[in-house]
Amino acid sequence: MFQKKRNTFHGGVHPYEGKELSKDKPIVKAQPGNLLYYAVSQHIGAPAVPIVQKGDHVKAGQKIAEAGGFVSAPVYASVSGTVKGIEKKVSAAGSPVDCIVVENDGLYEKETFEECPHWEKLDADTIRNKIKEAGIVGMGGAGFPTHVKVSPKDPSAIDHILVNGAECEPYLTSDYRRMLEEPEKVIGGLKIMLHMFPKAKGIICIEDNKPDCIAKFRELVLPEDNIEVLELKTKYPQGAERMLIYAATGRKVNSSMLPADAGCIVDNIDTVTAIYQAVRFGEPLMSRIVTVTGDAVQNPCNFEVPVGMLLSELLEQAGGLKNEASKIICGGPMMGKALFTMEVPVTKTTSALTCLTEDEVSALAPSACINCGRCVSVCPGQILPARLSVFAEHGEEEKFLKYGGMECCECGCCSFICPARRPLSFTHKMAKGFLKEVAGK
């Protein structure tokens, strides 16, 4: 009999979940259009360097861009076809990015991949290289190259591998469907990571609003003595890296630390699955699960989407819009990025396309702070969001740093709860970005 645990963290909020729109929709394969656009920068770090030229024929699974450095990741074609060249395309962040354009020939010819049924005989460096060559990055949104994450200074200090199945962002159900439909791949990926770090314990972390996933994983890991399933309290941002580490281990990580400094490696459900596919079957990262959802969408769905497909085409395959959308977001409503165009290619970090009939943010203009303190009560970092926002607006850099501004994880809880509708989290983000840029010069 498993003891029910409600592990969590300080603060947080409970926004409307919206998951009922798509949670019962099984994953279906999306059919890409005529042209696919492969951004050379789909990760934190140096952009990938194209290694194909206009006119080249490529197959699905063929490398088309090489990693541009250690903190970088290669890019692979997800369809077969002809390279049309390189052109600028708007990213989800709104900035132009170089993309390798491939004309889909509709044949979907694939490269031959080298399977490894006995991966447990491989050493950690060989596995690490397979992860690197597969172009795997953090697929929960950050995009940090995974081979770097699994290369800590002291591998022997890693005693926890945390699989992030919280999926606390409202509306998103891609991880939920992956856990329900392909749990063996998730567990397989975790076992590979535990093989790399033999002193570590594996913890699959799932919020308690997903009891079916919790039950399924507990049944499957029952024979494993180094893997457990941890039931987390449903609360946003439970899936944020620092919050997850604290909830699962009681250890605190601040802005100057990496998870490895606390003996932890944290990876998203899709990332762990990609590790399994790469090491066991030799497949590079070519697709990911994307939730298309929101009250403006005709048929909310969960798709397996080839990297490079346009979001506009993906929306069409969900039946298009049934109502006019006031806001369209790449990702979820808390940390996603509002789009001004849907001619945006899917990347390794695209988790969702959320289309909403009401734009609650722009409908209410911000007013002066009323000093209610609600932002303080919900802040996971236990800082002073309203005060930090004033420091940021006035350019008081020293005070922003003194009062812990860099500890803001940009989760948006403060902005969500603020009755004055002040864009607190955005202000912190801009200030942090400026300070990091100054420090890097």
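## Overall form

The protein contains 14 helices and 17 strands, where helices (H or I, at least four residues) and strands (E, at least two) are DSSP runs numbered from the N terminus. Its radius of gyration is 21 Å, close to the 22 Å that the globule rule gives for 441 residues, so the protein is as compact as a globular protein of that length. Here the radius of gyration is taken over C-alpha atoms, and the globule rule is 2.2 Å times the number of residues to the power 0.38.

This is a predicted model, in which local features need pLDDT of at least 70 and side-chain atom pairs count only at pLDDT 80 or more, while totals for chains, interfaces and linings use all residues. Residues are numbered from 1 along each chain as its sequence is written, and side-chain values use heavy atoms, with hydrogens and water left out.

Taken along the principal axes, the box filled by the C-alpha atoms of the protein is roughly 60 × 50 × 50 Å. Of the 441 residues, 52% are buried; buried means under 20% relative accessible area, exposed means over 50%, and partly exposed lies in between (1.4 Å probe, protein chains only). Among the contacts in the protein with a separation of 6 or more, 73% come from residues 24 or more positions apart, a contact being heavy atoms within 4.5 Å.

## An open sheet and a covered strand

Three strands, in the order S3-S5-S6, make up an open sheet with antiparallel pairing. Strands S3 (49-50) and S6 (75-76) stand at the edges with a single partner strand each, so one side of each is left without a neighbour in the sheet. Two strands count as paired if DSSP finds at least two bridges between them. S3 and strand S5 (residues 63-66) run antiparallel and are joined by two bridges; Val49 has Glu66 in S5 as its bridge partner.

Strand S17 (residues 352-356) is mostly covered, with five of its five residues buried. In a regular strand the side chains alternate between the two faces of the sheet. In S17, Ala352, Thr354 and Leu356 point one way, Leu353 and Cys355 point the other way, and all are buried. Strand S13 (residues 287-293) runs parallel to S17 and is joined to S17 by three bridges, with Thr291 having Ala352 as its bridge partner. Strand S15 (residues 327-330) runs antiparallel to S17, with four bridges between them, and Cys330 stands opposite Leu353.

## Aromatic rings and charges

A pair of aromatic rings is described by the distance of the centres and the angle of the planes. Rings of Phe, Tyr and Trp (its six-membered ring) pair if their centres lie within 6.5 Å; planes under 30 degrees apart count as stacked, over 60 as edge-to-face and the rest as tilted. By this rule there are three aromatic pairs, including the two tabulated here.

| Pair | Centre to centre | Angle between planes | Arrangement |
|---|---|---|---|
| Tyr16 and Tyr171 | 5.9 Å | 80° | edge-to-face |
| Tyr276 and Phe281 | 5.8 Å | 80° | edge-to-face |

Tyr16 lies in the segment before strand S1 (27-29) and Tyr171 in the loop between strand S9 (160-165) and helix H3 (174-181), so their pair ties together parts that are 155 residues apart in sequence. Tyr16 is exposed, at 52% relative accessibility, whereas Tyr171 is buried, at 10%. In the other tabulated pair, Tyr276 is buried with a relative accessible area of 17%, and Phe281 is partly exposed with 24%.

A charge sits over a ring if NZ of Lys or CZ of Arg is within 6 Å of the ring centre and within 35 degrees of the ring normal. Arg280 lies over the face of Phe281, at 4.5 Å from the ring centre, and Lys89 lies over the face of Tyr37, at 4.3 Å from the ring centre.

Arg280 belongs to helix H7 (residues 269-281) and is buried, with a relative accessible area of 18%. Its side chain makes a polar contact of 3.2 Å with the side chain of Glu115. A polar contact is a pair of N or O atoms within 3.5 Å; within protein, one must be able to donate a hydrogen and the other to accept it, and residues adjacent in sequence count only if both atoms are side-chain atoms. Leaving aside neighbours within four places in sequence, Arg280 is in contact with Glu115, Cys116, Pro117 and Trp119.

In helix H6 (residues 241-249), Met243, Leu244, Ile245, Ala247 and Ala248 are buried. The elements covering the buried residues of H6 include S9, strand S10 (201-207), strand S11 (227-232) and strand S12 (264-268).
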